[in-house]
Amino acid sequence: MTAKKKVAAITANVACAYAMKQIDPDVVPAYPITPQTTIMEEFSNYVADGAVNTRLMRVESEHSAMSAAIGASAAGARVMTATSSQGLALMWEMLYIASALRLPIVMQNVNRALSAPINIHCDHSDSMGARDAGWIQLFSENAQEAYDNTIQAVKIAEDMRVRLPVMVLYDGFIVSHAIDRVELLDDEVVKDFIGDFKPVYSLLDVDNPVTVGPFDSLNGYYFEFKRMQEEVMRRAKSVIIKVGEEFMKVSGRSYGLFETYQIEDAEYVLVLLGSAAGTARVAVDNLRQQGIRIGLLKLRVFRPFPFEEIAKALNSAKIVAVLDRSISPGSQGGPVFQEVCSALYSFDCSPVIVNYIYGLGGREIELAHFFKVVSDLEDLSEKRSKESFVRYLNLRE
Amino acid sequence: MKWDVRRIREWKFYEHPQGATILEAGNSLYYQTGSWRTFRPVWIGEKCTHCLYCFIFCPDAAVKVSKEKIAGFDYEHCKGCGICATECPREAIEMVEEQRESDR
Amino acid sequence: MSSFWEIRWHGRGGQGAVTAAKFLAEVALSKDFYFQAFPEYGAERMGAPIQAFTRLSDAPIYIRSAIEKPDVIVVLDPTLIGTVDVLEGLKSDTIILVNTPMSPAEVRKILGLEGKKNRVFTVDATKIALETIGRPIPNTPLVGALVKATGLFQLAEVVEGLKVSFGKKFSEEVIEGNIAAIKRAYEEVKES
């Protein structure tokens with residue numbers, strides 16, 4: 001990069017609003033909810049100032065926000081919105097419709113716990129609950145990644161081989177409201193990168209009328225359509241990689257399905273996603289200095305889940321500790337754990353795998369908690385135990 | 001026909017249009033709902049004033065009209081719902097039970 | 001500047017602790033340093049005790065947890081002492097800066113830091129703010145005192161940073177007032 005980089009001291013929400021300004025979507029239907037609110041607050045300034053051509057729709061609920069997003073997208077518009085927590089929960093039935101209709105809507109979900117009790121702080125329960133809704137899910141560690149993922153999400157969603165909605169995820173408050181160093185791209189670079197939006201069908205194309213969202217009966221084709229969604233989700237993986245490579249060319253920042261740190265010779269590997277991966281990296285550095293062979297795998301793409309690639313990356317580890325920032329009552333461990341187990345089992349990999357639930361409702365996770373995990377792993381290793389377990393970090397128990 | 005659905009039953013999952021979209025308007029023409037009928041509407045020409053109420057009310061566009069006059073029913077699509085007979089101000093449409101094969 | 005600084009700000013909602021944390025981040029940005037600034041979330045209530053945090057470094061910052069053992073503690077409101085444990089996570093070399101008309105020696109005594117190696121600074125930032133900005137918002141003068149106490153940045157860099165940071169939102173008069181406040185606090189801050 002020869003040109004001087006444009007760097008700002010802004011929060012992830014402000015960075016994402018700036019990305020939206022650069023993307024200049026046709027329609028943005030939105031409803032405010034903490035901690036997403038400041039994205040739309042900031043973006044509505046751009047709308048009011050005439051900095052974008054967006055039609056901002058202030059709807060009466062998140063259900064309406066997603067409904068309007070679906071309608072606008074089916075009409076041929078480039079559509080974005082954003083939400084959090086209960087807002088995402090209220091969108092639930094519409095999330096499935098957006099993905100099944102193959103509408104390339106891009107939405108930030110600022111991760112926040114689900115009630116009850118009412119809690120505005122970070123965990124991943126909201127988007128993990130939506131993991132089967134057919135949306136691509138990109139997790140971000142910090143404001144830079146949230147900004148970069150928002151721009152890449154548009155290109156991934158709109159790729160003709162994909163045409164699926166994309167959720168960009170980042171941690172409520174910890175990332176959304178923290179002032180961070182963010183390198184911004186030039187408007188022209190973003191515009192060229194995402195290109196023009198080309199709808200496949202449009203409800204407004206009166207010369208080529210189509211029916212969107214028809215009824216499908218018992219002897220119909222529902223099963224085929226669902227299988228196709230799964231197929232497209234699989235295909236999306238290579239598109240996500242390709243878009244990441246193209247983004248590298250314009251930004252100098254590299255994005256793949258996940259990021260590994262010090263795993264080449266690691267006996268122990270931590271697997272997690274979101275902002276805690278940053279703290280985990282510092283923990284790894286600390287532990288490496290003490291001679292402990294530990295590494296980190298930070299997931300970026302949770303849907304489609306990169307099974308094969310993860311299995312390969314973790315295969316030579318002795319013990320894998322998966323950290324989940326959400327809870328799945330009645331299951332064996334959290335959602336990330338389940339996926340990683342499934343990956344390791346499917347590809348006949350050998351590591352012992354254990355699970356830690358952490359950070360629910362914004363519960364703090366500090367270096368000491370990672371050190372605790374690693375001392376557990378050393379214990380296991382000494383005992384040569386093959387037993388899996390689910391434990392809780394920083395819980396009063 | 002822009003979109004030939006005659007062999008849709010044999011389509012593989014990846015052959016369907018994206019997102020279950022129906023690409024052509026009016027293809028319900030190929031769906032012959034006439035077989036659903038248990039009563040059929042019968043037009044009594046001498047009572048009819050050609051007010052076209054039946055044409056307006058028919059949910060399946062199964063009332064045929066020619067030169068602003070009733071020209072009978074499209075029995076390939078008429079489901080036999082009887083709305084035409086109910087709405088007719090002159091009782092010029094009678095619902096007659098379809099004959100079963102065994103009654104013939 | 002040494003490699004890694006963690007600063008904790010204690011204030012009450014409305015006194016500008018968050019703005020101060022942000023402002024320091026923006027000064028760091030203009031020096032091409034790495035930074036993080038974040039409030040203690042969810043307590044945005046006027047008058048309620050709040051905390052804000054700033055991390056500064058010459059290398060990328062990855063850690064995302066709350067600051068446990070601050071290098072610097074800034075107290076924007078002296079009435080918080082005794083109400084809130086402002087010394088939580090105190091290290092032997094943590095620098096303490098308090099907005100108060102009291103002398104550093106008096107504050108040291110109140111905080112129970114007699115005989116400890118910690119450097120204690122005081123400045124009457126509220127009085128300075130009233131006389132320069134015309135409002136009792138002690139945050140910008142405290143940044144002036146902070147850079148003097150820590151040597152984090154040059155005074156000129158802070159003044160330049162303020163022009164950039166405030167230039168978008170405030171009138172020239174407000175900016176001039178704030179610059180005067182920073183300069184005065186920089187001069188008037190006392191150490192024991």
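1. Two strands are taken to pair if DSSP finds at least two bridges between them. Strand β8 of chain A, residues 179–184, is joined to β2(C) by two bridges, and the strands run antiparallel. One of the residues involved is A:D180, whose bridge partner in β2(C) is C:Q36. The model discussed here is a predicted one.

2. On the side of chain C, 18 residues are in contact with 21 residues of chain A. Two elements of chain C, α1 (17–30) and β2 (34–39), each give two or more residues to the side that touches chain A. The most come from β2(C), which gives six residues. By type, the residues on this side of chain C divide into eleven nonpolar, three polar and four charged.

3. Two pairs of chains touch, and the pair with the most contacts is that of chains A and C. Chain B and chain C, by contrast, are joined by no contact, and their closest C-alpha atoms lie 41 Å apart.

4. In chain A, helix α7 covers residues 187–194, and A:V190, A:F193 and A:I194 are buried within this helix. Seen down the axis of α7(A), the buried residues fall within an arc of 85°, so they line one face of the helix. An α-helix has 3.6 residues a turn, so residues three or four places apart point the same way. On the other side of α7(A), A:E188 and A:D192 are exposed.

5. Against which elements do the buried residues of α7(A) pack? They pack against three helices of chain A, namely α1 (12–23), α6 (143–158) and α8 (222–251). Just after α7(A), A:G195 takes a positive phi of about 70°.

6. Chain B is built from two helices and four strands. Along the sequence these elements follow the pattern β-α-β-β-α-β. The radius of gyration of chain B is 18 Å, well over the 13 Å that the globule rule gives for 104 residues, so chain B is more spread out than a compact globule.

7. Further values describe the form of chain B. Taken along the principal axes, the C-alpha atoms of chain B fill a box of roughly 55 × 40 × 20 Å. Of the 104 residues of chain B, 14% count as buried. Among contacts in chain B between residues at least 6 apart in sequence, 65% join residues at least 24 apart.

Conventions:
Residues are numbered from 1 along each chain as its sequence is written. Chains are lettered from A and ligands numbered from 1 in the order in which they are written. This is a predicted model: local features need pLDDT of at least 70, side-chain atom pairs count only at pLDDT 80 or more; totals for chains, interfaces and linings use all residues. A residue is buried if 20 or more other C-beta atoms lie within 10 Å of its own, exposed if 12 or fewer, and partly exposed in between; C-beta atoms are placed from the backbone. The arc is that of the directions from the helix axis to the C-beta atoms. Two residues are in contact if their C-beta atoms, placed from the backbone, lie within 7 Å. The radius of gyration is taken over C-alpha atoms; the globule rule is 2.2 Å times the number of residues to the power 0.38. Ala, Val, Leu, Ile, Met, Phe, Trp, Tyr, Cys and Pro count as nonpolar, Asp, Glu, Lys and Arg as charged, and the others, Gly among them, as polar.
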